[in-house]
Number of protein chains: 2
Amino acid sequence: MFSSPWIPFLLFVLSTSVVTALPYRFPRLSPIGEKFLHHSRVLLEAPPSDDFKTFYYNQTLDHFSYRPESYTTFPQRYIVNFKYWGGANSSAPIFAYLGAEAPIDDDLNVIGFMTDNVIQFNALLVYIEHRYYGKSVPFGSRDEALRNASTLGYFNSAQAIADYASILMHVKKELRANYSPVIVIGGSYGGMLASWFRLKYPHVALGALASSAPILYFDDITPQNGYYSVVTKDFREVSETCYETIKKSWSEMEAVALQPNGLSFLDQQFKTCRPIARYLELRDYLWSMYASAAQYNHPPGYPVTRICDAIDGAVNGTLGKIAAGVFAYRGNLSCYINEPRNETETDVGWRWQSCSEMVMPISSDDDMFPPFPFDLGNFSRYCNGLYGVPPRPHWATTYYGGHDIQLVLQRFGSNIIFSNGLKDPYSIGGVLHNISDTLLAVHTTNGSHCLDILKANETDPEWVVAQRKTEVDIIKAWISKYYADLANYKQNKTF
Amino acid sequence: MFSSPWIPFLLFVLSTSVVTALPYRFPRLSPIGEKFLHHSRVLLEAPPSDDFKTFYYNQTLDHFSYRPESYTTFPQRYIVNFKYWGGANSSAPIFAYLGAEAPIDDDLNVIGFMTDNVIQFNALLVYIEHRYYGKSVPFGSRDEALRNASTLGYFNSAQAIADYASILMHVKKELRANYSPVIVIGGSYGGMLASWFRLKYPHVALGALASSAPILYFDDITPQNGYYSVVTKDFREVSETCYETIKKSWSEMEAVALQPNGLSFLDQQFKTCRPIARYLELRDYLWSMYASAAQYNHPPGYPVTRICDAIDGAVNGTLGKIAAGVFAYRGNLSCYINEPRNETETDVGWRWQSCSEMVMPISSDDDMFPPFPFDLGNFSRYCNGLYGVPPRPHWATTYYGGHDIQLVLQRFGSNIIFSNGLKDPYSIGGVLHNISDTLLAVHTTNGSHCLDILKANETDPEWVVAQRKTEVDIIKAWISKYYADLANYKQNKTF
């Protein structure tokens, strides 16, 4: 159930006191959307068992330079479950979950693709924490690591996947598991890392499962309004009247806010936790809520349906309808909208990452939201103001590619599953068509963000069960083919 | 003709005053071995025509970090020949020569594969200079750029190929040549860069011709004594007695050197330019000469044959025979062995590169040379002493792979020609077997280092003519297939 408490993912907007509209509109890029909810859900389940052992690797700060500072090391956390592994002698597989923009802790319980399939693959499970998150922080402390661009500078995806390569080679060496095939798994930003990892380090990973990875949402590859056009479509498909109500609500709320005592009226209507200072607070909250509901429109709760049922069912005017949507989405709380909340590591970390290299130009235009252009100039100035360095908006496509991906990769690379759920607004920046026989798109019409890699559940609809099975079968086929190649290689080794 | 004047490639040995044996034995890694000779050869030919236009790209100092210093830029030189290009409308090909550890100037005349084939491919020719060489130097001056590890730190292959990606994307954009296939070409270290470039940036290059690229001479992939075992074999195949003479000469020379007036006697025998201070000077000179002769054993001169003919033909004892070999190799000079000579950019640059990431463990053992182990500990201390930072001997295989390359790449990647000549001692660290239908090894039994990409010549033996034709035919097939894919893609574009 995805009811209580909703945590906005446009956290930045809510946690700063900037008055003018911020020059970006990036929804969260994580397998799990509603952090606190997931936390409580995790707590209800068994804690990670003793089978998970924690290690720290002495990681190099800067893989791509040889300045004296580059050699600085930091402890990078990775967690291993040996229990079901078939061992080095049989070259049993290694499943490696590539950590994304959060501490790795939750992933042990959340990423069902690892734990649900460990037995049938006799796999070793390895979870690697992303640099600058959790306990994998350079410069001795989070404060130091996040101090300014000089210390943050090493906090990027190329360094992160080089970390993963180093750790996986280390693990294989320690276990004398040279010939164990490694399958890397990641979701959202972590899914991008997984697909890029297979492309850049084929000698380390045999294949990748990249769940809900919008690797094409860079530069001009995907239309900027793609994300919010899918959010809009999701709501519209559930209910045309719901969509209409939301679409017209913005101007009505703004008009109310401009009236004498208008903000107080909005406070009453929305049962705000503290008085809202201006309409934009309310707007951004609702905006984020709709986006999050669409992105994490998981069964069995289906938050988009829940919101729309409430909106359509309420009888007390547009504002009352919108407020009913909020109450339904968040569940029974003493107050709504602007609950006090601390910034998370993800908020802080992703702010840097999206302001440096993960520049995804997302706008809204001709959908159920107010128009909101993405202006790269504004965005650059904004980031420069925060960190003293500008973003590099073209670096992701320079290093990883993306333009004409079908043409480029149809005869290059292999063994990547790009999985998506088409209700997920980020899916519009994902790979939705097979590129070759081994670069495969696996998607579901009704799926949401990273649903396929979350824990299997009795209430799962048949289509997500089928999607997961397809993914498992594809990976089994990669591994079988690899074992055949390996046997042949060992017999006929020529060099 | 490869007669006059021989330039030692173990320059380091000759240009320092270290008394003990240096902990490495790295032969030069360039398409052209005998720099001065080539210079004079180049001067005899037409100078680069007006068809070559020089450009400077505002290159990023550090692609992989976002510290304020990373954004520093420097002018990187690239040279373009537009004359024969078929143009963007026909998506005519781009041949990009990836500069190696030298200024780019000479390559315009030396790399015949570019100029000899430009007309039949209607190709645009682009030559890109490697960072820290020639006119492509950061920090405003060579002195600053080479000052210490803090400025040298950005001088590495990953940054260099990211430079190439940035420039090639820039050139394509400027020419609106989005769909022009790029073929990258390089020799020796530049050949390694070409093959790695295709693997890391398939969205920028359609294919690579990697000539004499010893990408497997890292870590423990290739036996350490491989290089000198091939040198030995080359000499032995020309003449068993020549081989025997060289093999026994070392102890005889050393014994002479230890006698009273022994060094003077050696000075007389070898007609040295100035008195040799100790036996090791002579040893290292000869060692380098034999290696260079084998590596650059080009037709029609065949320096190994020339040396052995002289050794076998001389009648005045072992020392006289060896001296005759030197005179034959170097031609008629007023003196030999320790001619005064300035360090080149290549000497200085490659010293850093081999002391940071291009750590190729080369030893001699059980061949015609004195035993010379490669001791990584010594080597690291030596490099650390020079630069204050140790080498990263495992980085090349971490970033680029190499172990079990056949197993790893048989279902990954495409469109690389690994060309080699088996007389070239570096060929033993090259890819000598086809990995897949499109990762191809093209080698000749009698070929030498980078011979295939040098200018075609009337005196070329049939086998090198055939090798070049094979390479051209393979590249033509890649491009044809690409054009078919492109037509199909434009018609059926799904995303």
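This is a predicted model: local features need pLDDT of at least 70, side-chain atom pairs count only at pLDDT 80 or more; totals for chains, interfaces and linings use all residues.
Visitor: How many residue pairs are in polar contact between chain A and chain B?
Guide: Residues are numbered from 1 along each chain as written, chains are lettered from A and ligands numbered from 1 in written order, and side-chain values use heavy atoms, leaving out hydrogens and water. A polar contact pairs N or O atoms within 3.5 Å; within protein, one must be able to donate a hydrogen and the other to accept it, and sequence neighbours count only if both atoms are side-chain atoms. With both residues at pLDDT 80 or more, the count is 32.

Visitor: Which helix gives the largest share of the side of chain A that touches chain B?
Guide: Helices here are DSSP runs (H or I, at least four residues), numbered from the N terminus. Several give two or more residues, among them H8 (189–200) and H19 (462–492) of chain A. The largest share is six residues, and that comes from H7(A).

Visitor: Which residue of chain A meets Asp485(B) in a salt bridge?
Guide: The rule (a Lys or Arg side-chain nitrogen within 4 Å of an Asp or Glu carboxyl oxygen) finds two salt bridges across this interface. In one, at 2.6 Å from N to O, the partner of Asp485(B) is Arg411(A).

Visitor: How far apart are the axes of H12 and H13 in chain A?
Guide: Axes are lines fitted to C-alpha atoms over the stretch in contact, with angles from 0 to 180 degrees between N-to-C directions. H12 (279–295) and H13 (303–313) of chain A pack at about 130°, and their axes lie apart by 7 Å.
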